[in-house]
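Try each task before reading its solution.

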Amino acid sequence: MRTEQSIKNIFISIFSQLIIVALGFISRKVFLDSLGVNYLGVNGLLTNVLSMMALVEGGIGLSIVYNLYKPLAEDDRKKVIALVQLYKRVYGILAIIVFLISVCLYPFLGNLIKDSKSISNISIIYFLFVLKNIVSYLNAHKWSLINADQKGYVLMRIELLFQVTTTLAKILILITTENYIFYLLIELLIYIIQNVVNGAIVNKRYVYIKTKVKHSLDRDTKDNLVKNVKALFLHNLGGFLVFGTDNILISSFISIGTVGLYSSYTMITQQLSSLVNPLLGGIGASVGNLIATEGSEKNYSIFKVAYLMNFWVYSFCVIFLYNLLEPFINLWLGEGYLLDKLSFILILINVYLTGMRTAISTFKNKAGLFVQDKYAPLLEGLINLIFSLILVKYLGLAGIFLGTAISTISTVLWIQPVIVYKNVFKKSVWSYFKNYSFYALLTIGTCFITTIACNNFVEGGNFISLLLKGIICLVIPNSIYVILFFKTAEFQYLTNILKSNLFKLRRKRQIIKGV
């Protein structure tokens, strides 16, 4: 059952993202042609600035979701109701707090934009971002409930419809008005409607949560929640210092236009991640159920499968991006939108380092191991901020990205595996680092071979040459990895799952035809 739910979540996520990605590239091109690179920079900057508001949430949502896995698996409705009621109550308070903090933060906005005079109506733009941020809190308890129950694919279908509608509406607004305020207003309006619709769907599926009877949590669960929230606040703070400060530093020390250039890179890397993350993220809720019901040996065997998938996916992505990202930007947006080569390489290194944390982070979070490394993200964030501020003076933009890489390598790269192997798998962590080193060297070597093939066999920067490079990047890395891992238990496990689900699909089709 866990595997079937994971496959369903993965399939729907990938299908949805393919459509959203295609529309996203069209939307970005129209945005640049209509408003220019400075407004693109503002879009990225305010997204980062308001991500600070996640610090207020302090990890309450993740902690409550973790506590939902077991009662949902055991159909303990009273505990589910108590957790959902707590979640709703707390998030209502958080919405008010976020608004008040956003108002207090507003006077300092001008200091974050080096050339703020080039942006008109910045006050209206800022508070439209704030409103959308607040709306996300109003139905968060319902989203978390359905995701914890491994039924996230139900909302993904609706989300696909709304994201397509939003993107098309924004493209139409830009083409007809070239007005950024209208662009943000239509996005906000559709997002509000989406939240209402999603809330109604969850209410229909979980009728019992609409009860007016107040349910309270037992003392152990409350204590566990408080302990985890304290730890997760430090995780969120560290996460913001690592992932939420790049655009702020670029805007403050370089220019808002450079934020716009960088946002094209991050859009592509994030869109690619959104396509491949379902392969790993689709098993997230299943891992929570697995840890709640199975022993350490079973958990470890599934982790090894997830770890291989994790490497394969992000190794392929980095190789693909190294050879195609810059030619694609030139073809997509035109000349003049590229960053320097060193910055580009460091961006890809950070994509790999962050992506390779996915499997171990999934098991850590789903096991509720929030306290054991509560200071590590804060240390990571401080290292990132300190090194970025120092290195930006000597290396410019590349210095900011190098600071991020240094902070990851010096902290979470090794801390998270140590915690998970000790507390979940009850094993020595050295096998993890041995495989990590092998995977890193394999990625570098495969990238070298693939790049030589691309450079020797393909010339020019047109669509056909881009397509040919894409085929080379698809064939060479995956062929090498199939040859190397074909006989491993992890690879055989994955192929057996694929064969099993294909067989079930054929059976269903035969039954339907027979009827």
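The exercises below concern a predicted model, and each comes with a worked solution.

**Exercise 1. Cysteines**

Task: Find how many disulfides the structure holds, then work out whether Cys 473 is buried or exposed.

Solution: 
- Step 1. Start with the cut-off: a disulfide needs two cysteine sulfur atoms within 2.5 Å.
- Step 2. Apply it to Cys 473, whose nearest cysteine sulfur belongs to Cys 454 and is 3.9 Å away. Cys 473 is therefore in no disulfide.
- Step 3. Over the structure, the count of disulfides is 0.
- Step 4. Turn to accessibility, where buried means under 20% relative accessible area. Cys 473 has 1%, so it is buried.
- Step 5. For contrast, look at Cys 104: its relative accessible area is 55%, so this residue is exposed.

**Exercise 2. A nonpolar patch**

Task: Which helix gives the most to the nonpolar patch on the surface?

Solution: 
- Step 1. List the members: Leu 331, Phe 463, Ile 464, Leu 467, Leu 468, Ile 471, Leu 474 and Val 475. Together they have about 740 Å² of accessible area.
- Step 2. Compare with the helix boundaries: helix H22 spans residues 463-485 and gives the most to the patch, with 7 residues.
- Step 3. Check one member, Leu 468, which lies in helix H22. Its relative accessibility is 41%, so Leu 468 counts as partly exposed.

**Exercise 3. Rings and charges**

Task: How many aromatic pairs does a search of the whole structure find, and which lysine lies over the face of Tyr 191?

Solution: 
- Step 1. The search of the whole structure returns 40 aromatic pairs.
- Step 2. Now look for charges over rings. Lys 132 is placed over the face of Tyr 191, 5.1 Å from the ring centre.
- Step 3. Another case is Tyr 322, with the charged end of Lys 341 over its ring at 5.3 Å from the centre.

**Exercise 4. Positive phi**

Task: Where do Glu 178 and Lys 426 lie, and what is phi for Glu 178 and for Lys 426?

Solution: 
- Step 1. Glu 178 sits in the loop between helix H9 (152-177) and helix H10 (180-205). Its phi is near 50 degrees, a positive value in a residue other than glycine.
- Step 2. Lys 426 belongs to the loop between helix H20 (412-425) and helix H21 (430-457). Phi of Lys 426 is positive too, near 55 degrees.
- Step 3. Finish with accessibility. Glu 178, at 48%, counts as partly exposed, whereas Lys 426, at 57%, counts as exposed. The labels follow because exposed means over 50%.

Methods: Residues numbered from 1 in each chain as written. Predicted model: local features only at pLDDT ≥ 70, side-chain atom pairs only at ≥ 80, totals over all residues. Heavy atoms only, no water. Buried < 20%, exposed > 50% of the residue type's maximum accessible area, 1.4 Å probe, protein only. Patch = residues over 30% accessible without salt bridge, like charges linked within 9 Å, V, L, I, M, F, W, Y side chains within 5 Å. Areas by Shrake-Rupley, 256 points an atom, 1.4 Å probe, with all protein chains shown as cover. Salt bridge = Lys/Arg side-chain N within 4 Å of Asp/Glu carboxyl O. Helix = DSSP H or I, 4+ residues; strand = E, 2+ residues; numbered from the N terminus. Phe/Tyr/Trp six-rings, centres within 6.5 Å; stacked < 30°, edge-to-face > 60°. Lys NZ or Arg CZ within 6 Å of the ring centre and 35° of its normal.
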